[in-house]
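I'd like to walk you through one structure, a few spots at a time, so please have a look at it first.

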Amino acid sequence: MTNLYAGVDIGSTTTKAVLLDDEGNIIGFTIADTLFDRNKSGEVVLGKALEAIGRSFDDLTTIFSTGYGRRSFACSQKSIPEVICHARGTAHLFPSVKTIIDVGGQDFKIIEMNSHGAAAKFEMNDKCAAGTGRFFEVLSKRLLNVTIEELGPLALASENPCHLSSTCTIFAESEIVSYLSQGVSQSDIAMGMLISVAKRVWAMGRQARIAFDEPIVISGGIGRNVAAKKAFEERLGKKVHLIENPQMQAALGVALIARDAFSAAREKVD
C-alpha cells in the first residue's frame with residue numbers, strides 16, 4: 001500500500017486536512033469549523049478525510065501541522081509556520097504565482113514569492129479583525145441578512161458601490177447601518193465591503209513595499225467570493241486569479257513538506 005502523508009491546518013475559524021500519496025496527488029481534503037479544543041479539531045477533520053478514502057490513522061506515514069492551532073495538535077510530528085505552507089501549497093497549484101493575498105478568518109497576509117516558488121517576504125495584519133473573514137461574517141449576516149456565499153453574487157449586481165471609510169469592524173458596522181437607513185441597496189453595500197478590504201490590503205502592501213507582481217492569487221475564504229476578483233483587480237490595477245478550493249493551500253503545503261521530510265529521511269538511511 002502506498003505511503004500516505006497528512007497536512008492539517010488548524011486555523012482560527014476553520015480546520016483543514018489534506019492527504020497526499022507519494023507522487024503528491026491530493027487524494028483527500030476535508031474542511032470544518034474549528035472547535036474550542038484545537039487538538040480535537042485536528043483529529044476530527046483528519047479522521048473525516050481518512051474515512052472518506054477508506055483509510056485510518058494507522059495508515060499515515062507522516063503528519064505535519066500548521067495554522068494558529070498547529071502546536072496544539074498532539075498527532076502532529078512537526079509544526080510549520082503558515083506563511084511557509086501557504087507559499088508551498090499555492091505554488092504547487094499555481095506554479096508561476098508571484099504574489100499571494102490570503103484573507104483568513106482573523107487575519108490577512110500578503111506573501112511575495114521568489115523565483116524558487118517560496119516565500120521571500122510577507123506582511124500580516126493580525127491585530128484587528130477588519131478585512132478578515134470574521135469582518136464579512138459579522139457584517140453580512142447581522143446587517144445584510146445574507147450568508148458569505150450569497151455576498152459575492154449580491155456584490156456583482158452593484159451599480160454604485162458605497163464608500164466605507166473606516167477600517168474598524170465596529171465603525172464599519174455603524175457606517176453600513178447609516179447607509180441602510182438611507183436606502184442604499186444591499187448590492188452596493190456588499191461591493192463596498194469588498195472594495196474596503198481590497199484598499200486595506202493594498203495600503204498594507206504598499207507600506208511594506210510589496211510590489212504585487214503578477215500573477216497574483218487570492219486564497220482563504222474570500223477566494224470563494226466571486227466578486228472579490230473584481231474588487232481586488234480594480235484596486236490593484238492588475239489581474240488576480242482565483243483557484244479551486246482556496247482554503248486548501250496551507251494544509252496542502254504542510255502535507256507536501258511532510259512528504260518531502262519523509263523522502264529526505266529515507267534517502268539518508270539508504
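Helices (H or I, at least four residues) and strands (E, at least two) are DSSP runs, numbered from the N terminus.

Before going on, a word on what you are looking at: this is a predicted model, where local features need pLDDT of at least 70, side-chain atom pairs count only at pLDDT 80 or more, and totals for chains, interfaces and linings use all residues. Residues are numbered from 1 along each chain as its sequence is written, and side-chain values use heavy atoms, with hydrogens and water left out.

Back to α5. Which of its residues are buried? They are Thr169, Ala172, Glu173, Glu175, Ile176 and Tyr179. These residues cover an arc of only 165° around the axis, which puts them on the same side of α5. The arc is that of the directions from the helix axis to the C-beta atoms. As a reminder, an α-helix has 3.6 residues a turn, so residues three or four places apart point the same way. On the other side of α5, Ile170, Phe171 and Ser181 are exposed. For the cut-offs, buried means under 20% relative accessible area, exposed over 50%, and partly exposed in between, with a 1.4 Å probe and protein chains only. After α5 comes Gly183, with a positive phi near 85°.

**Where α4 meets α6**

Now to a pair of helices. Helix α4 (residues 148–156) packs against helix α6 (residues 186–207) at an angle of about 105°, and their axes are 7 Å apart. That makes α4 roughly perpendicular to α6, a term that covers angles of 65 to 115 degrees. The axes are lines fitted to C-alpha atoms, for helices over the stretch in contact, and angles run from 0 to 180 degrees between N-to-C directions.

Who does the touching? From α4 we have Leu151, Leu154, Ala155 and Leu156, and they meet Gln186, Ser187, Ala190, Met191, Met193 and Leu194 of α6. By class, that contact has eight nonpolar, two polar and no charged residues. Nonpolar here is Ala, Val, Leu, Ile, Met, Phe, Trp, Tyr, Cys and Pro; charged is Asp, Glu, Lys and Arg; the others, Gly among them, are polar. Contact means heavy atoms within 4.5 Å.

Let's zoom in on Ala190, which sits in helix α6. Is Ala190 buried or exposed? With 0% relative accessibility, Ala190 counts as buried. Not counting residues up to four places away in sequence, Ala190 touches Leu144, Leu151, Leu154 and Ala155.

Ser140 is buried, with a relative accessible area of 0%. Leaving out residues up to four places away in sequence, Ser140 touches Asn145, Val146, Thr147, Ile148, Leu151 and Met193.

**Two loop residues**

Gly11 is in the loop between β1 (5–10) and β2 (14–20), and at 10% relative accessibility it counts as buried. Gly11 and Gly67 are 56 residues apart in sequence, yet 5.0 Å apart in space, C-alpha to C-alpha. Beyond four places in sequence, Gly11 is in contact with Thr34 and Tyr68.

Phe73 lies in the loop between β4 (62–66) and β5 (78–79), and counts as buried at 3% relative accessibility. Setting aside neighbours within four places in sequence, the contacts of Phe73 include Val8, Ile10, Asn39 and Leu46.

**Backbone details**

Most residues other than glycine have a negative phi, and most peptide bonds are trans. Asn145, in the loop between α3 and α4, is not a glycine but has a positive phi of about 60°. At 64% relative accessibility, Asn145 counts as exposed. Asn245 also isn't a glycine, and its phi is positive at about 55°; at 35% relative accessibility, Asn245 counts as partly exposed.

Finally, which residues does a cis peptide bond join? Glu214 and Pro215, with omega about 5°. Pro215 sits in the loop between α6 and β9 (216–220).

Technical notes
Parallel < 35°, antiparallel > 145°, perpendicular 65-115°, else oblique.
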